[in-house]
Amino acid sequence: ANLCVVCSHSVNGVAALHTELIKKQIFKDFYEYQPQKFNNKTNGVTPRRWIQACNPELSKLITDSLGHEEWIKDLRLIEELDARAEDSDFQTKWMIVKRQRKQKLVDWVKKNCDGLEISVDALFDIQVKRLHEYKRQLMNILFVIHRYLTLKDMPAYDKGNEVPRVTFFGGKAAPAYTNAKHIIKLINAVGQKINFDPDTKDLLKVVFLPNYCVSSAEIIIPAADISQHISTAGTEASGTSNMKFCMNGSLIIGTMDGANVEIAEEIGKENMFIFGGNVTDISNWRGRMKGGYKNYVGSRLERVFKAISSKMFGDLSEMKGMLDNIQNGGDHYCICWDFYDYVQAQALVDETYKDTWNWNKKSILSVAKSFKFSSDRTIRDYAEDIWKLNQETIPNPSVNPLMRVR
């Protein structure tokens, strides 16, 4: 990596926070010596794939609303949707599209997940990405267990006020990544228990989506009500699934990490569910643990750990080493430290979801303010600032074979 920095005429991060970490931590000496070499180029995704192709229902609604299809080539034009965010008639059409997409995922799950039936009326809470400890799928499933235990304690007459939720996981792990494989096993074990518990099955279900790939993502992402991007601050370079979800009207629950920081700047933190420590907090927490501090688990999370160790979800003895380490000064990814703020953010998700008008407004604004995350903008920035290329008009396609060879 050091040799690459020396030999390159330009070095860039792929999100604003990532670039700052490169400048101040990873390549600090190089930056101080040659600051002009360093710059930021935030990642992007193509709206042709991640709106037009994967969500034709939403694409048609946007085109009908704007009165043209030019937004497909110039996503800046989609910002005109923000004027419709509080329009009740438009919100109704928006809800119809979302329900259609959720029904497609319901059908896909029934076909691909051993006939599991889920309700299209539940809140669809989705975390699909590579399995890794820093992405904190473990924190997500620990919260699911906490929610399950809370529902089990709840009198029947109070359960009617709860928002039904289906929590989806998807992603693959490196073949030798043992801890990630253990987390996958835990998710599936929890699902087997929760999905068939008569006390809770109508209010909470867990689905591990098999063989996650681009093709399945095109079914999954448009169906999300809320998507989780909850990596430990300072660990995610950028992330692009957050952009794909945003373009499809999913709200985001996440940390101020990677491109979440810039998404918050574009669509407004008030339209997201932000929680957790920042990069400085994480450094301080790790320092306290290194100094011997261990009193950070808390009673509710301790109860979750005990539920796992008591075999409530079957024999998960292979998890013992990982969970013991997390509870005893080895919580490197700060799951315990962020957990209670995460619980509060999830409670706010539930309350906001009950307010249909406000939820739809946030969803529409998420799409309307997503231009910055188009790969068209990213490639243009690379071309202008690094590659120094001039934009050229692509000729119209040839009309006959003879013209094609000239």
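1. Let me start with how a patch is defined: patches are made of residues with over 30% relative accessible area and no salt bridge, with like charges joined within 9 Å and nonpolar side chains (Val, Leu, Ile, Met, Phe, Trp, Tyr) within 5 Å. The areas come from the Shrake-Rupley method with a 1.4 Å probe, and for residues only the protein chains shown count as cover. Here, Ile-379, Trp-387 and Leu-389 make a nonpolar surface patch of about 330 Å².

2. A word on the model before going on. It is predicted, so local features need pLDDT of at least 70 and side-chain atom pairs count only at pLDDT 80 or more, while totals for chains, interfaces and linings use all residues. Residues are numbered from 1 along each chain as its sequence is written, and side-chain values use heavy atoms, with hydrogens and water left out.

3. Ile-379 belongs to helix H18, residues 375–387 (helices, H or I with at least four residues, and strands, E with at least two, are DSSP runs numbered from the N terminus). Ile-379 has 48% relative accessibility, so it counts as partly exposed; buried means under 20% relative accessible area, exposed over 50%, and partly exposed in between, with a 1.4 Å probe and protein chains only. Arg-380 is also in helix H18 and is partly exposed, at 31%. From Arg-380 to Asn-390 is 10 residues in sequence and 9.7 Å in space, C-alpha to C-alpha.

4. Which residues does Lys-73 contact, leaving aside its neighbours within four places in sequence? They are Arg-48 and Asp-376, where contact means heavy atoms within 4.5 Å. Lys-73 sits in the loop between helix H5 (56–66) and helix H6 (88–112) and is exposed, with 58% relative accessibility. Gly-291 is 218 residues from Lys-73 along the chain, and their C-alpha atoms are separated by 54 Å.

5. On to the charged pairs. The whole structure has 32 salt bridges, a salt bridge being a side-chain nitrogen of Lys or Arg within 4 Å of a carboxyl oxygen of Asp or Glu. One of them joins Glu-20 to Lys-24, with the closest N and O atoms 3.5 Å apart. Both residues lie in helix H2 (residues 16–26), and because they are 4 residues apart, about one helical turn separates them. Glu-20 is partly exposed at 31%, and Lys-24 is exposed at 56%.

6. Lys-102 and Asp-225 are worth a look for their setting. Their side chains form a salt bridge of 2.8 Å, N to O. Lys-102 is in helix H6 and Asp-225 is in the loop between helix H10 (214–220) and strand E6 (226–229), so this pair ties together parts that are 123 residues apart in sequence. Lys-102 is buried, with a relative accessible area of 4%, and Asp-225 is buried at 4% as well.

7. Are Arg-165 and Asp-125 buried or exposed? Arg-165 is buried at 1% relative accessibility, and Asp-125 is buried at 1% too. The two form a salt bridge whose closest N and O atoms are 2.7 Å apart. Arg-165 lies in strand E4 (residues 165–170) and Asp-125 in strand E3 (residues 123–128), so the pair ties together parts 40 residues apart in sequence. They also belong to a network of salt bridges that links Asp-125, Arg-147, Arg-165 and Asp-350.

8. Those strands are part of an open sheet of 6 strands with parallel pairing, in the order E5-E4-E3-E6-E7-E8. Strand E5 (204–209) and strand E8 (273–274) are at the edges with a single partner strand each, so one side of each has no neighbour in the sheet. Two strands pair if DSSP finds at least two bridges between them; E3 and E6 pair in the parallel sense over 2 bridges.

9. Ser-238 is in the loop between E6 and helix H11 (241–247) and is buried, with a relative accessible area of 2%. Its side chain reaches the backbone oxygen of Val-14 at 3.3 Å, a polar contact (a pair of N or O atoms within 3.5 Å; within protein, one must be able to donate a hydrogen and the other to accept it, and residues adjacent in sequence count only if both atoms are side-chain atoms). Not counting residues up to four places away in sequence, Ser-238 touches Val-14, Ala-15, Asn-43, Met-243, Gly-258 and Ala-259.
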